[in-house]
Amino acid sequence: MKTIFVGTGYVGLVSGTCFSEVGVEVCCVDIDKEKIDRLNRGEIPIYEPGLDQLVLQNSALGRLRFSCSLVDELPAADIIFCAPGTPSMDDGSADLSAVWSIAQEVGQNMTSYKLVIIKSTVPVGTVLQVKKMIAEELQKRGVEIPFDVASNPEFLREGNAIHDFMHPDRIVVGIESEQARQWIEELYKPFTLQGYPIMFMDIASAEMTKYAANAMLATRISFMNEIARLCEEVGADIHRVREGIGSDPRIGPSFLLAGTGYGGFCFPKDVKALIYSGKERSVSMRILQATEEVNERQKLILFEKLTKYYKDQLQGKTVALWGLSFKPETDDLREAPSLTIIKALLEAKVDVRVYDPVAMSGVQAIFGDSLLYGTDMYDTVKGADALLLVTEWKTFAAPDWREVKRLMKGRLVLDGRNIYNGDSLRESGMDYLGIGRR
C-alpha cells in the first residue's frame with residue numbers, strides 16, 4: 001500500500017517515517033524545496049529525539065522518499081495523508097489554506113480511487129468540505145472517479161512523538177465508507193496486532209475528539225496554575241495538593257503540574273480554534289476563554305516574582321534563563337513562555353543571559369544581539385543576580401549548586417517547573433521561589 005504524506009512538519013514527517021518503519025512505502029511531499037533538499041541529504045529540519053536515525057535507515061531501505069511534487073507522486077499512491085500546519089489566524093480561526101490547496105490538487109490530478117485522510121488538526125466540518133472540493137474538481141474535469149475522505153487526527157507529543165506513534169493509546173478514525181475502513185484497518189494492522197486499539201466513528205466526532213483532547217489538557221494546566229497562585233496566598237503547597245487530587249481515579253495525576261504555562265503549536269491554536277468555532281455557532285466557550293486568559297498571565301509569573309523580590313527595581317540587574325523551548329526534548333519555540341519572559345525583562349532594562357540545549361539559534365533569530373548566549377548552563381549564570389528555570393531539560397535537573405552560587409552575583413533561584421528542593425537550596429544560602437510552593 002503506497003502512501004503520501006503532504007506536509008513535512010512534526011505530524012507529517014514523524015508519521016510518514018514511522019509508517020515506513022513498519023514496512024509501508026511512504027513518500028513525504030512538501031512545497032518547501034529547501035526542506036525537501038535537506039531531507040534528501042539526510043538533514044532533519046526539526047529536532048525530535050530518534051527521528052534522524054529512522055529517516056536515514058528507512059531512506060536507505062527505499063521505504064521513505066521525499067518530493068516537492070504531489071502531482072508526480074499521486075498516480076502511484078493509494079492513500080494521501082493531508083498533514084500541513086493549520087496555524088491560528090488573527091481572529092483565532094484555523095488557517096486551512098494549505099488543506100484546501102491539497103484538496104484541489106488531488107481533485108485536479110487523480111485518475112483512480114484514492115483515500116484521502118486528514119491528519120492535521122482541523123475544525124469540525126473540514127473533512128466534508130475537502131470531500132466537496134475534490135468532487136467539484138472532478139466535476140470540472142467531467143470525470144467520475146470514486147474516492148473517500150477520512151479523519152485520522154494525531155495525538156503526538158513533541159519530544160515523545162516517535163514513541164507515541166509506535167505505541168498509541170488509541171487510533172481515532174472518522175469514516176463514511178466500508179472501503180475506507182478496510183484500507184485503514186490494513187494500514188494500521190502492524191499496530192492493532194500488538195493490541196493498540198483503533199476507534200472508528202463518524203467524521204465530525206473524530207474531528208472534535210482531537211480538539212476536545214487538547215482543550216481538556218490545556219484546561220487542566222491552567223486550572224492547576226490558578227490553584228498554585230491561591231496556594232501561595234493561603235500557605236498550601238501545590239505538590240501536596242497535586243498528590244491529593246491526582247490519587248483520585250476520577251482525576252488522575254497527569255497534566256497537574258504547576259509551571260509557567262503551556263506553549264507550543266497545538267494547545268494555544270486549538271484552544272483558540274474551539275473558541276472561534278463556538279462563536280460561529282453562538283456557543284460561548286467560557287471555560288476555554290478562561291483557560292487561555294489564565295495561561296497568558298501565567299507566562300509572566302516568574303517575571304512577577306522577580307519584580308516583587310527586587311521591589312520593582314530591576315533596571316541594570318542581570319538575569320539568567322535556563323531553558324528556552326516550550327518543553328524539553330524539542331527546539332520548538334512557538335508560544336514558548338521563555339519568549340514572553342525575555343520580552344518583559346528587556347522592557348525592564350534587564351541584562352538577559354540564556355541557555356538551552358537545542359533552541360539557542362531560534363531565540364537568537366528573534367532577539368539577535370540583545371541577549372547574551374551562554375555556552376553552557378554554568379557560563380550562563382556568571383554574574384547573574386537571579387536564575388530562572390523555565391524549561392525542565394534533564395541537563396538542569398541536578399546542577400552543582402555550590403558552583404552556581406560561586407558564579408552568581410545574587411542568590412535568587414526562581415524555579416518555574418518546581419523541580420528543585422527548595423529547603424535544600426535555602427539551607428545552602430540561596431533564595432528559592434517555586435510555583436505554588438510554601
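Entry 1: I started with Glu243, which counts as partly exposed at 48% relative accessibility. I'm working from a predicted model, by the way. Its partner turned out to be Arg240: the two side chains form a salt bridge, 3.3 Å from N to O. Arg240 is exposed, with a relative accessible area of 56%. Both residues sit in helix α11 (residues 238-246), three residues apart, or about one turn of the helix.

**Entry 2: another helix pair.** Next I looked up Arg406 and Glu403, whose side chains meet in a salt bridge at 2.7 Å, N to O. They are about one helical turn apart because three residues separate them in helix α18 (residues 401-407). Arg406 counts as exposed at 58%, while Glu403 is partly exposed at 26%.

Entry 3: In the Glu43 and Arg41 bridge, the closest N and O atoms are 3.3 Å apart. Arg41 is exposed at 54%; Glu43 is partly exposed at 33%. I noted 26 salt bridges in the structure.

**Entry 4: cysteines.** Cys28 is buried at 0% relative accessibility, and Cys82 is buried at 1%.

**Entry 5: the core.** Last, I checked the largest nonpolar core, which has 57 residues; Leu321 and Trp322 touch the most other members. Helix α15 (residues 337-347) gives this core its largest share, five residues. I also found a second, separate core of 40 residues, with Val26 and Tyr188 among them.

Note on methods. Residues numbered from 1 in each chain as written. Predicted model: local features only at pLDDT ≥ 70, side-chain atom pairs only at ≥ 80, totals over all residues. Heavy atoms only, no water. Buried < 20%, exposed > 50% of the residue type's maximum accessible area, 1.4 Å probe, protein only. Core = buried A, V, L, I, M, F, W, Y, C linked by side-chain atoms within 4.5 Å. Helix = DSSP H or I, 4+ residues; strand = E, 2+ residues; numbered from the N terminus. Salt bridge = Lys/Arg side-chain N within 4 Å of Asp/Glu carboxyl O.
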